[in-house]
Amino acid sequence: MVCPRWRATGLSEQLHTELVGQRPEPLAALLVDVTRPRVQALYETWGYRKIGERQPFADSPLYAVMLRSR
């Protein structure tokens, strides 16, 4: 999460790129609440693609499962 005053500045993507770039794994995965299409669209601009949907627990939201290769 980025403080509101720093949103829409590119800082989120810079932080994400730095954190993911230091990892040795060939893939990065994340879950996005399906009721947040703008968040999913943002991650798509960062190279993620939706590969399915999951509800990890009976009382949890439905999530879009997203993957990105390095």
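User: Which residues does Val-20 touch, not counting residues up to four places away in sequence?

Analyst: This is a predicted model, in which local features need pLDDT of at least 70, side-chain atom pairs count only at pLDDT 80 or more, and totals for chains, interfaces and linings use all residues. Residues are numbered from 1 along each chain as its sequence is written, and side-chain values use heavy atoms, with hydrogens and water left out. With contact meaning heavy atoms within 4.5 Å, and residues up to four places away in sequence not counted, Val-20 touches Ala-28, Tyr-48, Arg-68 and Arg-70.

User: Is His-16 buried or exposed?

Analyst: His-16 lies in helix H1 (residues 11-21); helices (H or I, at least four residues) and strands (E, at least two) are DSSP runs, numbered from the N terminus. Buried means under 20% relative accessible area, exposed over 50%, and partly exposed in between (1.4 Å probe, protein chains only). Because its relative accessible area is 14%, His-16 is buried.

User: With which side chain does the side chain of Thr-35 make a polar contact?

Analyst: Thr-35 lies in the loop between S1 and helix H2 (37-45) and is exposed, with a relative accessible area of 60%. A polar contact is a pair of N or O atoms within 3.5 Å; within protein, one must be able to donate a hydrogen and the other to accept it, and residues adjacent in sequence count only if both atoms are side-chain atoms. At 2.8 Å, the partner is the side chain of Asp-33.
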